Amino acid sequence: MKSNENVPYENLDPSLILDAIESVGHLCTGSLLELNSYENRVYQVGIEDAPPLIAKFYRPHRWSNEVILEEHNFALEIVDHEIPVVAPYMKNSKDTLHEYQGYRFALFPRWGGRALELERLDQLEWMGRFIGRLHAVSACKSFQYRPRLNVQTYGYDAYHFLIKHDFIPSYLKDNFCRTVESLLQKIEQTFQAVGTLDYIRLHGDMHPGNVLWDERGPHIVDLDDCMTGPAIQDIWMLLSGDAMQIRIQLDHILSGYYEFHDFNHRELHLIEALRALRMLHYSAWLARRWEDPAFPRSFPWFNTPHYWQQHLLNLSEQINLLDERCFDDQV
């Protein structure tokens with residue numbers, strides 16, 4: 001059964017989901033709870049005489065099998081080093097990626113927890129140790145298939161998609177193009193000024209929503225966006241507040257990080273550049289998914305005149321922030 005690329009989940013009904021789980025040897029109770037996810041579809045599935053499993057159905061037409069399996073192997077490698085991550089569940093085989101009626105899916109154990117408390121400096125220091133351990137492992141090998149974070153993949157590609165598909169209102173287009181092209185040039189200059197970088201395997205999307213906390217500390221619940229990039233990418237999304245607050249947060253995170261892995265202090269100058277790339281990439285991600293009916297329902301504020309006006313202002317602010325950065329030993 002082939003899915004419509006613009007409406008990829010139209011055939012993914014409850015019966016198909018349960019049949020898919022049972023096709024790999026699990027007996028379902030019929031209990032099915034949809035969990036919050038946009039790129040993929042994720043469900044908690046009741047299993048007879050066993051704890052529920054989490055079933056993740058990958059968006060068709062997005063990743064190759066090699067890309068998905070590289071994510072799975074990375075998770076299993078991390079677990080082998082006793083770093084808490086929710087890795088794919090295997091039953092009676094070494095297969096982690098399954099297929100049923102055109103949908104590829106993986107199963108994961110259910111693992112609960114509470115939200116990371118960014119205002120608690122002890123938790124930030126613990127997160128630093130956690131990320132340092134993760135990077136000590138991830139730096140030992142390289143990804144072959146996963147995306148690489150750079151100005152082209154997260155900046156120019158996003159910009160060109162928005163322009164090519166006419167997402168920018170005509171009255172803003174010239175200003176938008178000038179602003180984004182200036183911003184991308186400054187981002188390139190920032191990377192050049194920082195100098196040689198070590199690109200390692202990363203979680204890639206280490207925002208607080210992808211970290212759960214329990215009595216054992218933090219654990220990762222999603223590696224769907226793992227990639228190759230500079231180490232600071234797994235740190236900067238944990239920072240918030242004014243310059244002084246960020247300085248204090250960084251001190252605690254890096255204090256823990258240094259216990260397990262070296263860190264190139266020059267990468268701190270990439271924070272605003274990476275933030276700008278994420279802003280561009282995010283807008284293009286929404287645009288690429290806009291024909292999926294789930295996206296207009298979930299993001300009704302996107303692709304409105306107000307959204308693009310505010311987005312343009314935010315990108316202009318990033319230019320100013322990049323202009324303010326000087327390249328010495330301080331952030």
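Trainee: Is E77 buried or exposed, going by its relative accessibility?

Mentor: This is a predicted model, and the value is computed from its atoms. Residues under 20% relative accessible area are classed as buried, and E77 has a relative accessibility of 13%. The side of that cut-off on which E77 falls therefore makes E77 buried.

Trainee: What is the relative accessible area of E39?

Mentor: R289, the partner of E39 in the salt bridge, is buried with a relative accessible area of 17%. E39 is buried too, and its relative accessible area is 9%.

Trainee: Where does D224, the salt-bridge partner of K56, lie?

Mentor: The closest N and O atoms of K56 and D224 are 3.2 Å apart, and both K56 and D224 are buried. K56 is in strand 3 (residues 50–57), and the pair links distant parts of the chain, 168 residues apart. The place of D224 is the loop between strand 9 (217–220) and strand 10 (227–229).

Trainee: How many salt bridges does the model hold by this rule?

Mentor: The pairs of R289 with E39 and of K56 with D224 are among them, and E39, K56, D224 and R289 also belong to a network of salt bridges that includes R41, R59 and D292. For the model, the count of salt bridges comes to 20.

Trainee: Why is helix 4 described as oblique to helix 7?

Mentor: Helix 4 (residues 151–164) and helix 7 pack with their axes 8 Å apart, at an angle of about 45 degrees. Angles under 35 degrees count as roughly parallel and those from 65 to 115 as roughly perpendicular, so an angle of about 45 degrees makes the arrangement oblique.

Trainee: How many nonpolar residues are in the contact of helix 4 with helix 7?

Mentor: The crossing of these two helices is left-handed. Helix 4 contributes residues including V151, Y154 and F161, and helix 7 contributes residues including L277, L280 and A284. Beside 3 polar and 2 charged residues, the number of nonpolar ones is 9.

Trainee: What is the phi of D49, which is not a glycine?

Mentor: Most residues other than glycine have a negative phi. D49 is in the loop between strand 2 and strand 3, and D49 is exposed, with a relative accessible area of 84%. Its phi is positive, at about 55 degrees.

Trainee: By what distance are the C-alpha atoms of P60 and Y103 separated, and what is it in Å?

Mentor: P60 is placed in the loop between strand 3 and helix 2, and P60 counts as buried at 9% relative accessibility. P60 and Y103 are 43 residues apart along the chain, and their C-alpha atoms are separated by 6.8 Å.

Methods: Residues are numbered from 1 along each chain as its sequence is written. This is a predicted model: local features need pLDDT of at least 70, side-chain atom pairs count only at pLDDT 80 or more; totals for chains, interfaces and linings use all residues. Side-chain values use heavy atoms; hydrogens and water are left out. A salt bridge is a side-chain nitrogen of Lys or Arg within 4 Å of a carboxyl oxygen of Asp or Glu. Buried means under 20% relative accessible area, exposed over 50%, partly exposed in between (1.4 Å probe, protein chains only). Helices (H or I, at least four residues) and strands (E, at least two) are DSSP runs, numbered from the N terminus. Axes are lines fitted to C-alpha atoms, for helices over the stretch in contact, and angles run from 0 to 180 degrees between N-to-C directions. Angles under 35 degrees count as roughly parallel, over 145 as roughly antiparallel, 65 to 115 as roughly perpendicular and the rest as oblique. A crossing is left-handed if the near helix is turned anticlockwise from the far one by less than a right angle, and right-handed if clockwise. Contact means heavy atoms within 4.5 Å. Ala, Val, Leu, Ile, Met, Phe, Trp, Tyr, Cys and Pro count as nonpolar, Asp, Glu, Lys and Arg as charged, and the others, Gly among them, as polar.
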